[in-house]
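Good morning, and thank you for coming.

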Amino acid sequence: MAEQGEEVILLDFWASMFGMRVRIALAEKGIRYEYREQDLRNKSQLLLDSNPVHKKIPVLIHNGKPICESSIIVEYIDEVWNNNIKAPLFPSDCYGKARARFWADFVDKKFYLCGRKLYTTKGEEHEAARSEFIECLKLLEGELGDKPYFGGESLGFLDISFIPFYSWFQAYETYGNFNFEQECPKLFTWAKRCIRENESVSKTLPEMPKVFEFVQHLRKRFGLDD
Ligand code: GS8
C-alpha cells in the first residue's frame, strides 16, 4: 500500500493493454492510486507534460514524478513497493529476469503489431499478419511450456505483460478468423487461470465484447467498415 502522504496517479485509457499492465501491477502490490482516464484524441496538458517524448499513456506519476512506458512502469512498481504482501514480479535469477524481459519485448514489438494488423489491414497484408500472429502465439505457448505461469508458480512480469491482450481476443479471433483455444490450448488455459486465480487480473481486464465494440468503432473510423 502506498505510504501515507504518497501521491500515485495513473494516466490511462480503459482499453489499453499497456495501461492494464500497470493497473494489474498496482493491484498486485495493493497500492492505492488515482485513476485519470485520458482522451487520446484530445490529449490533456498533464499527459503532454508528463510524456513529452511519446505523448502516450500509460504514465504513472509518483509524488509528482512521471514514469513512462508500461514495462518500465511495472518494473518501477516492483522495485519501489517491494516490501510485502506479494512475491516480487521477477524471478530472482538473472537469467530468468532476462528471459521474462525478452519475451515481454517480443509481445511489444512483434505480437502487438501483428495483432493490430488483424483489424486494420486487408488482403495480402492481412493474410501475412494472420499467419504471423498465430506463429507468435505458438512461440509464446512454447515459452510457457507446462508451467502454470510464465515465471513458474505465480503471476509474474511476463504474465502481466501479456494477459491484458486476452481482453482483445474476441476482436483478434473475429478479424483474424481463427480459434484461440483450438490453436493454442495451453495458452488458452493459462489465460483462464490468470483470470480465475488473480483478482488483480479479473478486476482489471474489461469485458471482451466491450473491447470488440471499441474495435468495431476503430474500423469504421479507419474506413474499413461502413
Ligand atoms: C505503448 C503505449 C501506447 O501505445 C508502452 O507504454 O508500453 N510502448 C508503450 N499507448 C497508446 C494507447 S494503447 O494503444 C497511446 O497512448 N496512443 C496515443 C497516441 O499514439 O497518440
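Let me begin with what covers the buried residues of H7: the covering elements include helix H1 (17–28), helix H4 (94–120), helix H5 (123–144), helix H8 (180–183) and helix H11 (208–221). Contact here means heavy atoms within 4.5 Å. Helices (H or I, at least four residues) and strands (E, at least two) are DSSP runs, numbered from the N terminus.

A word on the source: this is a predicted model, in which local features need pLDDT of at least 70 and side-chain atom pairs count only at pLDDT 80 or more, while totals for chains, interfaces and linings use all residues. Residues are numbered from 1 along each chain as its sequence is written, and side-chain values use heavy atoms, with hydrogens and water left out.

Which residues of H7 are buried? In this helix, residues 169–176, they are Phe169, Ala171, Tyr172, Tyr175 and Gly176. Seen down the axis of H7, these buried residues fall within an arc of 160°, so they line one face of the helix. The arc is that of the directions from the helix axis to the C-beta atoms. Buried means under 20% relative accessible area, exposed over 50%, and partly exposed in between, with a 1.4 Å probe and protein chains only. After H7 comes Asn177, which has a positive phi, near 50°.

I turn now to the salt bridges, of which the structure holds 13. The criterion is a side-chain nitrogen of Lys or Arg within 4 Å of a carboxyl oxygen of Asp or Glu. In one of them, Arg23 pairs with Asp12, and the closest N and O atoms are 2.6 Å apart. This pair links distant parts of the chain, with Arg23 in helix H1 and Asp12 in strand S1 (residues 8–12), eleven residues apart. Both Arg23 and Asp12 are buried.

A salt bridge also joins the side chains of Lys186 and Asp146, at 2.8 Å from N to O. Lys186 lies in helix H9 (residues 185–197) and Asp146 in the loop between H5 and helix H6 (157–162), so the pair ties together parts that are 40 residues apart in sequence. Lys186 counts as partly exposed, at 41% relative accessibility, and Asp146 as exposed, at 70%.

On a 1 Å grid over the protein atoms alone, a cavity is a set of points where a 1.4 Å probe fits but cannot get out, and a pocket is an open set with protein on both sides within 12 Å along at least five of seven lines; lining residues have an atom within 4 Å of a point. Grid points are joined across faces, edges and corners, and a volume is the space filled by probe spheres set on the points.

How many cavities of 30 Å³ or more does a search of the whole structure find? The search finds one. The largest cavity holds about 30 Å³ of space, and its lining consists of Phe162, Phe165, Tyr166, Phe169, Phe180, Trp190 and Ala191.

The largest pocket has a volume of about 850 Å³. Of its 28 lining residues, Phe18, Leu40, Lys56, Tyr112 and Arg116 are the closest to its centre. H1, H4 and H11 are the elements that give two or more residues to this lining, and H4 supplies the largest share, five residues.
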